[in-house]
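These notebook entries record what I looked up, beginning with a pocket and going on to the aromatic rings.

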Amino acid sequence: MSQSILQKFGEARLPRYTSYPTAPRFSPTIGVDSYGDWLEQLPGKDPVSLYLHIPFCRSMCWYCGCHTTITRQDRPILDYLAVLRDEIRMVAERIPHRLPVGEVHFGGGTPTIISPAEFLALIGLLRERYAFSDTTGIAVEIDPRRLTPEMAQTLGQAGVTRASLGVQSFDPVVQKAINRIQTRKETAESADNLRRAGVGGINFDLIYGLPHQTVQSCIDTANAAIEMLPDRFAVFGYAHIPSFKKHQRMIDENALPDGAARNDQAEAIAATLVAAGYRQIGLDHFALSGDDLVQAQESGNLRRNFQGYTTDNCETLIGFGASAIGRMKRGYVQNEVAPGLYAQRIADGELATAKGHRLTHEDKVRADIIERLMCDFEVDIAAVGRTHDFDTSVLLAGNERLADLAGDAVVHYAGSVIRVSQEHRFVIRAVAAAFDAYIDQSTRTHSQAA
C-alpha cells in the first residue's frame, strides 16, 4: 500500500465495526423498558449467543482498552459473581421460553480469575436456565500468566471448546513498556494444558503498534507463536487513547511507531502467518486450512461481531455483567459500565440496562453493507437493497467519502458491486466508514469502540 494512501485514509480514529451503529452512538433513551420488551418478544426456537463479562484483572496492562478493575483480593470477584448470577436468573425470567444456545463467550478482564468451583457453578447455572446442545460452542479469553493447570482442567470439564490466549508480544523490551511480562514457556504450557484438558480450539492474540515494537520483533513474536501451533490468530493494532483510558498515560508516546511503521508491522505479521500456512480471514484474523472460519469465508458466511470475525450466526446476543452489550433484532443494549452501578441496579431488582440503540430500517441496511465489506472486502449494494426492500441509491448519492476512495482507486465498481483490492485491505475501515451515517458525530471515542 502506498504511503500516500496510508496517510490519507489512516484508520487510527475509525471504529473496528464489530457492530453498527457503534457503541458511542448508544443513548439512554433505550433503557430497561425497551430491553424488557425485547426479551419478552424473543422467539423460542432461534438459538441465541450469550456473553459474560468478567471485569477483573490482577494487574493492569498499560495498552488495555477494556473495561476492567484491578484487584488483589477475591472478595470483590465473589461479590460480583453473586450479582452476575442474579442477573442471569432475572433475564431468564423475562423470556417466555428456555432458549437454545448457539455460542457462549466469556470476556474480560480476565475470566479465568474466577476459581474453578465458581466457573463450574456459573456454567451450571447457564445450562439450567438455557438449552445447551452438543454443538454449543463455549469460548473463554485467557491470560496465560494466570492460568493454573487446575483451571485448564476445569475449562475442559465445563465443556469449553475454544480458548483465546493473550500474547501481544514476546519482545521483553515491549513487554516491559506495556507492563505485561509473559514468557514463551508459560504461554506454551498454557496451550498444552488446555489441549490436554480437551479444549480443542486455541487462538492467540497479537498486537502491533506497541511502544518500542519493530518489524523484526513482530516477526520474531509471530514465529515463536507459530511454533505453539494455535488454530487461529487475531492481530490488532494498538489504539492509544490516554484521554479515554488513563492508564495508557504510562506508555511513552515517543516510543510508539508512526502510521507507516504500524502498517509495516501489520504487513510483516500477516506475511509471516500466511507463509506458515495460515489463511487470512478478513482484516485481522488468520486460521489454518480446515478451520471453520476458513470454510465460512469461502462460502460467504463469515460474520463479524463483538468478538471479531466469527461463524456465529445467531441473531440475538444476550450480554451479562457490567458494561456487557446485547444485540436484539430491534436494537442494541448495554449494561451499566461501573461494576458498582451495575450491582446496585440488579440489587434493586431492575435490569442493568444503561443505554442502547433502536435500529431503524436504514441502520439494518447499512449494517449489512458494512459487515460484508469487513468480511469479504466487497459488497453487492443492490443485492443488499433487495434483501431489505430498500433503495440503496440514497446511500451512494452525494457520498463524498466513497467518491474520494474511488478516486484514489481504493475501491472499484463492477455494476452494483463495490470491491476493495487486497493491496488496500488495511484501510477497509475507511471504506466501511463511507456507509456509516453517524461517523462524524462520534469519532472522538471510536478508536477502541465496537
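The model I worked from is predicted.

I then looked up the volume of the second largest pocket, which is about 580 Å³. Of its 24 lining residues, I noted Arg303, Arg327, Ala367, Asp368 and Glu371 as the closest to the centre. Strand 11 (303-305) and helix 12 (361-376) are the elements that give two or more residues to this lining. Helix 12 gives the most, with 5 residues.

Next, I searched the whole structure for aromatic pairs and found 9. Phenylalanine 26 lies in the loop between helix 1 (3-8) and helix 2 (32-40), and tyrosine 332 lies in strand 15 (residues 331-335), so the pair ties together parts 306 residues apart in sequence. Both phenylalanine 26 and tyrosine 332 are buried.

I also examined tyrosine 80 and tyrosine 342, whose ring centres are 5.7 Å apart with planes at 40°, so this pair is tilted. Tyrosine 80 belongs to helix 3 (residues 75-94) and tyrosine 342 to helix 11 (residues 339-347), 262 residues apart. Tyrosine 80 and tyrosine 342 are buried.

I recorded one cluster in which ring pairs link Phe26, Phe306 and Tyr332.

Finally, I looked for charges over rings. Arginine 304 lies over the face of tyrosine 309, at 4.4 Å from the ring centre. Lysine 245 lies over the face of phenylalanine 244, at 5.5 Å from the ring centre.

How values were computed
Residues are numbered from 1 along each chain as its sequence is written. This is a predicted model: local features need pLDDT of at least 70, side-chain atom pairs count only at pLDDT 80 or more; totals for chains, interfaces and linings use all residues. Side-chain values use heavy atoms; hydrogens and water are left out. On a 1 Å grid over the protein atoms alone, a cavity is a set of points where a 1.4 Å probe fits but cannot get out, and a pocket is an open set with protein on both sides within 12 Å along at least five of seven lines; lining residues have an atom within 4 Å of a point. Grid points are joined across faces, edges and corners, and a volume is the space filled by probe spheres set on the points. Helices (H or I, at least four residues) and strands (E, at least two) are DSSP runs, numbered from the N terminus. Rings of Phe, Tyr and Trp (its six-membered ring) pair if their centres lie within 6.5 Å; planes under 30 degrees apart count as stacked, over 60 as edge-to-face and the rest as tilted. Buried means under 20% relative accessible area, exposed over 50%, partly exposed in between (1.4 Å probe, protein chains only). A charge sits over a ring if NZ of Lys or CZ of Arg is within 6 Å of the ring centre and within 35 degrees of the ring normal.
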